[in-house]
Amino acid sequence: MDVFAPSLREMDSVQLELCSVASLQTNTHISLNKPLVLFHVTCNCFSISDGELQDVGVGLYPSMSLLNHDCQPNCVMIFEGKRLTLRAVRLIRPCEELTISYTDILAPSKERRSHLQGQYHFLCQCTRCTTEDKDCDMLAGEKTVWTSLRDAIPHLEQLQSEQRWEELLKESQALLQRCTDEVPDKNIYVLRLLDLATDACISLDDYETALEYGNRALESYKLYYSDPHPSRAVELLRVGKLQHYLGRLEEAQGSFTQAYDIMKVTHGTTHTLTNEVRRKLSECQAELGRV
């Protein structure tokens, strides 16, 4: 099937409603190969995420399943409730194929390819994978050190899921301290540690330290999400909220402005999260006496 790319304005109106697996109509007279059906559903379903990009469910969107993968896609998918919207993140040429990412692009090419091969049964041949783009940055630093960080992350994520915030913060900080001189912040495993430590600090009401970790993470988000991307916008929003709460209004205004500029592209001007950022920006401007 040939997929022709509409303009950015046309892309803004492309919206596809949730098609629940439970509501799919089947012909009861046809004998279905259940493992094969399960295989197709597993390969074509999408994780439904909330405003902070946390997974909250799974949905089957047949039209979206026609989109192919690229590790530097020209489109992103955004949820608002159960509604899934496809949005362009850069200028799309006539007849250029629309692409999305099936996997977390914040991973080195070997990991991305392994995940795609195991989950979707194809070897990614996109430019980012074949050139190993940004792998040197993602895996920067002493290998033996960042390998130990990588191996520790599943345990830390378990602490996060169990909301054992004090333990999570203590262990994350110990690891960050240990790797200070040997692995830079742009290493993706250090970046993950910074995110985990930020979550723990926020949950423990230690907003100053949370902001310190959040600011350190922002530079790496900028490096890896060069195109407008929801993950970078959400991180900017989180940092902006911390800055605002701590009375750093000039800094908060800058963070909210950057988040809003990205979300206008990735989420659209009417999305709930975009409206939240707009309100936060207005609050900062009012407090600074600039309205």
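Start by selecting Tyr102, which counts as partly exposed at 23% relative accessibility (buried means under 20% relative accessible area, exposed over 50%, and partly exposed in between, with a 1.4 Å probe and protein chains only). Before going on, keep in mind that this is a predicted model, where local features need pLDDT of at least 70, side-chain atom pairs count only at pLDDT 80 or more, and totals for chains, interfaces and linings use all residues. Residues are numbered from 1 along each chain as its sequence is written, and side-chain values use heavy atoms, with hydrogens and water left out.

**Stop 1: the tyrosine rings**

Tyr207 belongs to helix α9 (residues 207–224) and Tyr245 to helix α10, so the pair ties together parts 38 residues apart in sequence. For the helix and strand names, helices (H or I, at least four residues) and strands (E, at least two) are DSSP runs numbered from the N terminus. Is Tyr245 buried or exposed? Tyr245 is exposed, with a relative accessible area of 60%, while Tyr207 is partly exposed at 22%.

By the ring rule, the count comes to five aromatic pairs. One of them joins Tyr102 and Tyr120, a tilted pair at 4.9 Å centre to centre with 50° between the planes. Tyr102 sits in the loop between β7 (99–100) and α3 (109–120), and Tyr120 in helix α3, so parts 18 residues apart in sequence are tied together. Now show Phe122 too: ring pairs link Tyr102, Tyr120 and Phe122 into a cluster.

**Stop 2: Thr103**

Step along to Thr103, in the loop between β7 and α3. Thr103 is buried, with a relative accessible area of 15%. What is Thr103 in contact with, leaving aside its neighbours within four places in sequence? Look for His69, Arg112, His115 and Leu116 (contact means heavy atoms within 4.5 Å).

**Stop 3: the cysteines**

The structure holds zero disulfides (a disulfide is a pair of cysteine sulfur atoms within 2.5 Å). The sulfur of Cys71 has its closest cysteine sulfur in Cys126, at 3.7 Å, which is too far for a bond. For Cys124 the closest cysteine sulfur is also in Cys126, at 3.5 Å, again too far. Cys71 is buried at 1% relative accessibility, and Cys124 is buried at 3%.

**Stop 4: a hairpin**

Next, pick β5 (75–80) and β6 (83–88). These strands pair in the antiparallel sense over six bridges (two strands pair if DSSP finds at least two bridges between them). Glu80 has Arg83 in β6 as its bridge partner. Two residues lie between the strands of this hairpin, and Gly81 takes a positive phi near 70°.

**Stop 5: helix α11**

Select residues 249–266. This is helix α11, with 18 residues and a reach of 25 Å from its first C-alpha to its last, close to the 26 Å expected at 1.5 Å a residue (the expected span is 1.5 Å times one less than the number of residues). Colour its buried residues, among them Leu249, Phe256, Tyr260, Ile262 and Met263. The buried residues of α11 pack against β5, β6, α10 (230–245) and α12 (272–287).

**Stop 6: positive phi without glycine**

Most residues other than glycine have a negative phi. Cys95 has a positive one, near 70°; find it in the loop between β6 and β7, where Cys95 is exposed at 55% relative accessibility. Asp205 has a positive phi too, near 65°. Asp205 lies in the loop between α8 (188–203) and α9 and is exposed at 53%.

**Last stop: zoom out**

Show the whole chain. Its secondary structure comes to twelve helices and seven strands. Buried residues make up 42% of the 291 residues. Of the contacts with a separation of 6 or more, 62% are between residues 24 or more positions apart.

How values were computed: Phe/Tyr/Trp six-rings, centres within 6.5 Å; stacked < 30°, edge-to-face > 60°.
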